[in-house]
Amino acid sequence: MRRIYVREEIVVQPGMEANVPVSLPYMSLHAPKGDWLADSKTVAPGVFAARVLLPSNDKFAAIRMVNVSDKPFALHLGRCLGEATGAECLHVSQAEAGPS
């Protein structure tokens, strides 16, 4: 498991979506390498985070958020957005996928 933190200050305007840059510091030296899954959640009334697959290297990691409220919503540097759990990407071969 890895915690998800806001990487830089950002304001999501009312009625808008934004990719919020995040960091995922390792909580343990024994954390597995691989992709991570962040579930959708309500961040505040009218502000929602999408379910997203995050890479092991968090250099460009971001979580999509939508603000359906009538007020701007500020996310401050270092705010914890929850936890990500280990995920496994399944690669489907052409033969398994069937005819295209």
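Residues are numbered from 1 along each chain as its sequence is written, and side-chain values use heavy atoms, with hydrogens and water left out. Because the model is predicted, local features need pLDDT of at least 70 and side-chain atom pairs count only at pLDDT 80 or more, whereas totals for chains, interfaces and linings use all residues.

The chain contains 1 helix and 10 strands; helices (H or I, at least four residues) and strands (E, at least two) are DSSP runs, numbered from the N terminus. The order of elements from the N terminus is β-β-β-β-β-β-β-β-β-β-α. Of the 100 residues, 32% count as buried, where buried means under 20% relative accessible area, exposed over 50%, and partly exposed in between (1.4 Å probe, protein chains only). The accessible surface of the chain is about 6,600 Å², and 57% of this area belongs to carbon and sulfur atoms; areas come from the Shrake-Rupley method with a 1.4 Å probe, and for residues only the protein chains shown count as cover. Contact means heavy atoms within 4.5 Å. Among contacts between residues at least 6 apart in sequence, 58% join residues at least 24 apart.

An open sheet is formed by 8 strands in the order β5-β6-β8-β3-β1-β10-β4-β7, with antiparallel pairing. Strands β5 (41–44) and β7 are the edge strands, each pairing on one side only. From one strand to the next, the twist averages 40°; axes are lines fitted to C-alpha atoms, for helices over the stretch in contact, and angles run from 0 to 180 degrees between N-to-C directions. Strands of a sheet pair through backbone hydrogen bonds, either parallel or antiparallel. Two strands are taken to pair if DSSP finds at least two bridges between them.

Strand β8 (62–67) is joined to β3 by 6 bridges in the antiparallel sense, and Ala18 has Met65 in β8 as its bridge partner. Strand β6 (residues 47–49) also pairs with β8, antiparallel and over 3 bridges; here Phe48 stands opposite Val66. Strand β1 (residues 2–6) pairs with β3 in the antiparallel sense over 2 bridges, and the partner of Val6 in β3 is Val22. Strand β4 (residues 35–38) and strand β10 (residues 80–87) form an antiparallel pair over 3 bridges, in which Leu37 is opposite Thr85.

Leaving out residues up to four places away in sequence, the contacts of Ile4 include Val22, Leu54 and Ile63, together with Ala38 and Leu81.

The relative accessible area of Asn67 is 0%. Its side chain reaches the backbone oxygen of Lys71 at 2.8 Å, a polar contact being a pair of N or O atoms within 3.5 Å; within protein, one must be able to donate a hydrogen and the other to accept it, and residues adjacent in sequence count only if both atoms are side-chain atoms. Beyond four places in sequence, Asn67 touches Val12, Gln13, Pro14, Gly15, Met16, Gly46, Val47, Pro72 and Phe73.

Asp58 is located in the loop between β7 and β8. This residue counts as buried because its relative accessibility is 17%. Apart from neighbours within four places in sequence, Asp58 is in contact with Arg2, Arg7, Val22, Ser23, Leu24 and Pro25.

Glu9 occupies the loop between β1 and β2 (10–12). The side chains of Glu9 and His76 are joined by a polar contact of 2.9 Å, and a polar atom of the Glu9 side chain lies 2.9 Å from the backbone nitrogen of Leu77. Not counting residues up to four places away in sequence, Glu9 touches Leu75, His76 and Leu77. Glu9 and Arg79 are 70 residues apart in sequence, with a C-alpha to C-alpha distance of 9.4 Å.
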